[in-house]
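Welcome! Take a moment to turn the model around before reading on, and then follow along one region at a time.

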Amino acid sequence: MEQILALFAIFLAFAFSGKCSDVFSRSDYPEGFVFGAGTSAYQWEGAAAEDGRKPSLWDTLCHSRDQGNGDIACDGYHKYKDDVKLMVDTNLDAFRFSISWSRLIPNGRGPVNQKGLQFYKNLIQELVSHGIEPHVTLYHYDHPQSLEDEYGGWLNHRMIKDFTTYADVCFREFGNHVKLWTTINEANIFSIGGYNDGDTPPGRCSKPSKNCSSGNSSIEPYIVGHNLLLAHASVSRRYKQKYKDKQGGSIGFSLFILGLIPTTSSKDDATATQRAQDFYVGWFLRPLLFGDYPDTMKRTIGSRLPVFSEKESEQVKGSCDFVGVIHYHAASVTNIKSKPSLSGNPDFYSYMGVSFHYFGKSLDFQYANTPWAMEVVLEYIKQSYGNPPVYILESGTPMKQDSQLKQKDIPRVEYLHAYIGGVLKSIRNGSDTRGYFVWSFMDLYELLGGYEVGFGLYTVNFSDPHRKRSPKLSAYWYSDFLKGESAFLDSQGIKELQSKYSSSF
């Protein structure tokens, strides 16, 4: 209980501490701190059926539902050289992208697709030759559909071996230039969205209200989560045994993490907030750092939660060189009493027993500007998990696509200014945070928003066969900040920023 009350005090302190310092510059960050931006393969590359690539889970789900697809997306597969030039113009230190398993090893195992291999070699060489550090994610929701069809993908223990073999190819072929590897993107959201909610690949669930053809929401998320952890540990072990001494890289694991505070000062809401943290974050971080699942989950889920053998526990524990944080917005947490499931099969949320109130999440998709939430996340990781190295791998705010979006980009500028400042405040409070990546470098195909919303620093004209890119106001702001200009935003500062780049729109 003392831990819960202490966390409650932390949450309230951050939630009502006001804005972070309005004036800061890049030189205020520690030496070696990395600023970048990101994309993922399916959302950026396009060329879905070119040069030997075969369908992934993501292709299959999108083509089975009326929500757009990444067949062409930004056409990064053909336009990567132009995009690297834009990265140089933006003064990025690093570019985060993912490798499409379906492009590199189209059948999931077996022969490497030489054209796919050459594409990634070319992309990485283009980045490195322009002084931009490649940060690679191995898995972004998109294993080959053939493995799903053959044995059920992540529901099957066989996936661990195939994923390790795929990762080995990546290390062997790209590792001389790649020093930061993330094995799994948003492992918690992949497990919940794909196997509890049915909204993300592979679209499995057992909810009558959802468009799921199969699945079991009461058990599959935990099976998948368990196999993800074991696969990560296997890949980490392979890297350390074969490549680390020569290549000198690091292996991380990423999670989607909300900035959570209790809705009220009641003990029930404080306890519920800790329980939500255990379910969303501790589910993966406790095994990675301490070797086992949170006691809260073990008590609540019971036999449906897989058990680590002693050997597995030792392999998973300490397998993470850094924690990749995906953070966008905040929520308050209210305790609720779990209601019996009509089917007798409770899902992830009924096990967790909380309700969330999201700050500023509305029909226009724009998130509330709550930089204290970033501080809450980083402070929680520092205090609860021994202050491991952290990279903010995604952070940003969406806006509905609009022909005047470039001029209306002030909310994104304000968001980035506030959150980057929040990271600085966390570092000054002792957080071992080492990088910040804007999501996204350009507007992409978004899984839940299609082409209707964009997170990008650059807008993409998806009606143009050439997919013309154009900088938004946030691209200019970020570029100026990365050049060393002081970040200062008030009404006058925004007017000066708009005036400075008005001729560019």
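**A walk through the fold**

Let us begin with contacts, where contact means heavy atoms within 4.5 Å. Among the contacts in the chain with a separation of 6 or more, 77% are between residues 24 or more positions apart.

Before going further, two notes on how to read the numbers. This is a predicted model, in which local features need pLDDT of at least 70 and side-chain atom pairs count only at pLDDT 80 or more, while totals for chains, interfaces and linings use all residues. Residues are numbered from 1 along each chain as its sequence is written, and side-chain values use heavy atoms, with hydrogens and water left out.

How many helices and strands are there in the chain? The chain has 19 helices and 15 strands; these are DSSP runs, numbered from the N terminus, with helices (H or I) of at least four residues and strands (E) of at least two. The chain is as compact as a globular protein of its length, because its radius of gyration is 22 Å, close to the 23 Å that the globule rule gives for 505 residues. That radius is taken over C-alpha atoms, and the globule rule is 2.2 Å times the number of residues to the power 0.38. Along the principal axes, the C-alpha atoms fill a box of roughly 60 × 55 × 50 Å.

Next comes the question of cover. Of the 505 residues, 61% count as buried. Here buried means under 20% relative accessible area, exposed means over 50%, and partly exposed is in between, with a 1.4 Å probe and protein chains only. The chain exposes about 19100 Å², and carbon and sulfur atoms supply 49% of it; these areas come from the Shrake-Rupley method with a 1.4 Å probe, and for residues only the protein chains shown count as cover. As for charge, the chain has 52 positive and 55 negative side chains, and the centres of the two sets lie 3 Å apart. Lys and Arg count as positive and Asp and Glu as negative, while His and the chain ends are not counted. The place of a charge is taken as NZ of Lys, CZ of Arg, CG of Asp or CD of Glu.

For a look at the inside, find helix H18, at residues 473-482. Ten of its ten residues are buried, so H18 is largely enclosed by the rest of the structure. Among them are Tyr476, Trp477, Tyr478 and Phe481. Just after H18, Gly484 takes a positive phi of about 110 degrees.

Another inside spot is Thr137, in strand S3 (residues 133-139). Thr137 counts as buried because its relative accessibility is 1%. Leaving aside neighbours within four places in sequence, Thr137 is in contact with Arg96, Phe97, Ser98, Ile99, Thr182 and Asn185.

Now for the cysteines. Which residues form a disulfide? A search of the whole structure finds one, formed by Cys205 and Cys212, with their sulfur atoms 2.1 Å apart. The torsion about their S-S bond is about 105 degrees, so the disulfide is right-handed. Both partners count as buried, Cys205 at 3% relative accessibility and Cys212 at 19%.

Cys62 is buried at 2% relative accessibility, and Cys170 is buried at 0%.

The tour ends with some backbone details. Most residues other than glycine have a negative phi, and most peptide bonds are trans. A cis peptide bond joins Pro201 and Pro202, with omega about 5 degrees; Pro202 lies in the loop between helix H9 (187-197) and helix H10 (220-242). Trp439 and Ser440 are also joined by a cis peptide bond, with omega about 5 degrees, and Ser440 is in the loop between strand S12 (433-439) and strand S13 (453-454).

Asp75 has a positive phi near 60 degrees and sits in the loop between helix H3 (57-64) and helix H4 (76-90). Asn387 has a positive phi near 55 degrees, in the loop between helix H16 (371-384) and strand S10 (390-394). Asp75 is buried, with a relative accessible area of 15%, whereas Asn387 counts as partly exposed at 24% relative accessibility.

Definitions and conventions
Disulfide = S-S within 2.5 Å.
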